[in-house]
Amino acid sequence: MDKLIITCAITGAEVTKDMNPAVPYTVDEMAESAFGAYQAGASIIHLHARLDDGTPTQNKDRFKEIHDAIKKKCPDVIIQVSTGGAVGMSRDERLDVLHILPEMATLDCGTLNFGGDDIFVNTENDIQYFATKMNQMNVRYEMECFEKGHIDTTLRFIKKDVIQHHLHYSFVLGVRGGMTGEERDFLFLKDSIPENATFSVAGIGKYEFSLAELSIQHGGHVRVGLEDNLYIEKGVLARSNQELVEKVVALAKKHNRTVATPQEARRILEMENR
Ligand code: KMH
Ligand code: ZN
């Protein structure tokens, strides 16, 4: 089995300090939180940008400031910027972040309900537009799939050579409107991707650690972080992103998986020659 790549989704666009005071907003808070996660074992930081008051933004200058502050504290960490942004943002607004030429970004592979009246829109044309831009700019992507139809969409785009490079999936499970994160869901998705692909899981809320453990056992990788889950255990708020990563590291130990360094993660994801 490959070493375990741990991604930490430190802030997202939807969670707030009212929900958990450890959610970072400012540049310094982001850098501090990312550094803690990195020290605990995260090799990838999944990054959204916020203004100081918590408002989500895809503004390239704000992203650059946060990106550079994180890199100053942990120069070798992989920063994976979000091109998902927040619900309601336009295509080009979401892609503004690509101007900082990130090492890696997300490619969201389908539309889904996002709770209440929210819809996270990713039409077939959006996906093609995003993938084409990232191919042109030599930005590596992780394919975010919230249900099986999203995987089927990627398979069509792989055939058309719109999706290129090493295939790396993230199964984001447990969103209100997407697929749940039960074992049967995980196994169905894992068995639906190409054999040469790698995958990670991002369990939302209560699914975070059960999915993490499943993925560790099945040779997959893991994302945790306050973007996805605010609790270290039922009813107990996590004190930091670091604490969430530490819990995954303990699960890895339990199942004899060694945690990958950022350089090892680049090798596993075939990102070295970009
Ligand atoms: N904030 C969600 C609307 C991504 O980062 O690519 C989208 C999201 C996915 O978080
Ligand atoms: Zn995200």
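Mentor: A residue is called buried when its relative accessible area is under 20%, exposed when that area is over 50%, and partly exposed in between, using a 1.4 Å probe and protein chains only. This is a predicted model, in which local features need pLDDT of at least 70 and side-chain atom pairs count only at pLDDT 80 or more, while totals for chains, interfaces and linings use all residues. Residues are numbered from 1 along each chain as its sequence is written, chains are lettered from A and ligands numbered from 1 in the order in which they are written, and side-chain values use heavy atoms, leaving out hydrogens and water.

The part in question is strand E2, residues 44-47. Helices (H or I, at least four residues) and strands (E, at least two) are DSSP runs numbered from the N terminus. From E2, Ile44 and His46 point one way, Ile45 and Leu47 point the other way, and all are buried.

Next come the neighbours of this strand. Two strands pair if DSSP finds at least two bridges between them. Strand E1 (residues 6-9) pairs with E2 in the parallel sense over three bridges, and Thr7 has Ile44 as its bridge partner in E2.

The metal site follows. Donors are N, O and S atoms within 2.8 Å of the metal (3.2 Å for Na, K and Ca), and sites may look incomplete because water is not among the atoms. The zinc ion (ligand 2) is coordinated at 2.1 to 2.2 Å by NE2 of His46, NE2 of His48 and OE of Glu227. The spacing of these donor residues in sequence is H-x1-H-x178-E. Because His46 lies in strand E2 and Glu227 in the loop between strand E12 (221-224) and strand E13 (231-233), the pair ties together parts that are 181 residues apart in sequence. His46 counts as buried because its relative accessibility is 2%. Glu227 is likewise buried, because its relative accessible area is 17%.
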